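Hi everyone, thanks for coming.

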Amino acid sequence: MDVEEPLSRRFAAPGTVMVRPLLLKPQWMNGLSERLLVSHYENNYGGALRRLNAIRARLADFDGAHTPTFTINGLKREELMAANYVILHEIYFDSLGGDGDTPPTELAEPPAGLAQALERDFGGAAAWRAEFTGMAKALAGGSGWVILAWSERLGRLVNQWAADHAHALAGATPILALDMYEHAYHLDFGAKAAAYVDRVMTNLNWERIGARYRLAIGDRTGDDGLYLPFGAPFEEEARISAEELKAALESDAERRPILLDLCLPRDLPRRRDMLAGASMHAPAALPVWIEGLPRDRPIAVYCICGFQVSGTAVTELRRRGYHARALVGGITAWHAIGGATVPLDTSTYEEAP
Ligand SMILES: [Fe+2]
């Protein structure tokens, strides 16, 4: 087959909302466990994303003349709830994590532009933080969101209370969202919601929050790379989305990509499953396993979250002329879209030299 031919671009129904990858490194957060974060991302965020797409598919078949009003009301209410659920969780997860490969360590200060806005609208970052965390702690034992949003109409940043996903300040743009649903903290903190709030504040990625603020006020300054997983290939043709991979794997055998599951030895204990048909390899053994790869087939490479493990390998494979692409968000994003997996098979994994 023609190796220049891309994998199927018709990978999702029109209007499908595609998964966003985790930008934080879940195994390296400051007092928030990988188990908590990945469960939250895959089950809660992923579940809402799948629900949203199912609702939108149902609405695509909407028949205004024959659909009962209670069905219309129900579907549109659920669509709004699921859409806000998805969007707020993406802002929440995007706002957490260290800088590149560096884990978050402590309470950090906002970048200059956002710090000046917090000074103008709250009297300073400390005063803003006191109100924001106070509101969050006041939701303990209940549920909801606390959102820092930019309101063009009010001409200021506001801390917005939300008792559920459907509450939003009209016309405002969320900059930072703090999830106060019990699923966001119970695995690590039990009922101690206040401890969770304090811990989240020491895990904020102010670079991305600041970029979101600049975007909200119309000051676009080329921050696109900030929203790409650290270490993922920068060129778009070197990446494949979970949705596109799923469609490619469901297509005829000729178009199915070769699947490579790459995992560092230290990360093997974090793994439980893999994509069916994938072969698992050690990144350091690339000179060995590359020998068995065909040059005339598309290759999809994935790791746990789609950071530099798959990114580095794909860059090297492409340099050597292989038609390789890295799965955006790794197997974690694959889980979030409900992609099927099989139990982990390490029989092809190379022993450490
Ligand atoms: Fe949540």
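Let's start with α3 and α7, which are roughly perpendicular to each other, where angles under 35 degrees count as roughly parallel, over 145 as roughly antiparallel, 65 to 115 as roughly perpendicular and the rest as oblique. Before I go on, some housekeeping: this is a predicted model, local features need pLDDT of at least 70, side-chain atom pairs count only at pLDDT 80 or more, and totals for chains, interfaces and linings use all residues. Residues are numbered from 1 along each chain as its sequence is written, and side-chain values use heavy atoms, with hydrogens and water left out.

Two packed helices are described by the angle between their axes and the distance between the axes. Helix α3 covers residues 112–122 and helix α7 covers residues 206–216; they pack at about 70 degrees, with axes 9 Å apart. The axes are lines fitted to C-alpha atoms, for helices over the stretch in contact, and angles run from 0 to 180 degrees between N-to-C directions. As for the names, helices (H or I, at least four residues) and strands (E, at least two) are DSSP runs, numbered from the N terminus.

Which residues meet there? From α3 we have Gly 113, Leu 114, Ala 117 and Arg 120, and from α7 Trp 206, Ile 209, Gly 210 and Tyr 213; contact means heavy atoms within 4.5 Å. That contact divides into five nonpolar residues, two polar and one charged. Here Ala, Val, Leu, Ile, Met, Phe, Trp, Tyr, Cys and Pro count as nonpolar, Asp, Glu, Lys and Arg as charged, and the others, Gly among them, as polar.

Now the metal. Which protein donors does the iron ion have? They are His 40 (NE2), His 89 (NE2), Asp 179 (OD) and His 183 (NE2), lying 1.8 to 2.1 Å from the ion. Donors are N, O and S atoms within 2.8 Å of the metal (3.2 Å for Na, K and Ca), and water is not among the atoms, so sites may look incomplete. Why call the arrangement tetrahedral? Because the four donor atoms subtend angles of 92 to 131 degrees around the iron ion, and four donors count as tetrahedral if all angles lie between 85 and 135 degrees.

Along the chain, the donors follow the spacing H-x48-H-x89-D-x3-H. His 89, in helix α2 (residues 69–94), and His 183, in the loop between β3 (173–179) and α5 (186–189), are 94 residues apart, so this pair links distant parts of the chain. Buried or exposed? His 89 is buried, at 0% relative accessible area, while His 183 is partly exposed, at 25%. Buried means under 20% relative accessible area, exposed over 50%, partly exposed in between (1.4 Å probe, protein chains only).

Asp 179 sits in strand β3 and is buried, at 0%. Leaving out residues up to four places away in sequence, Asp 179 touches His 40, His 89, Tyr 92, Gly 144, Trp 145, Ala 184 and Tyr 196.

Ala 170, in the loop between β2 (156–162) and β3, counts as exposed at 71%. Ser 310, in helix α10 (residues 308–319), counts as buried at 0%, and its contacts beyond four places in sequence are Val 301, Tyr 302, Cys 303 and Ala 326. That's it from me!

Key
Tetrahedral: all angles 85-135°; square planar, octahedral: opposite > 155°, others 65-115°.
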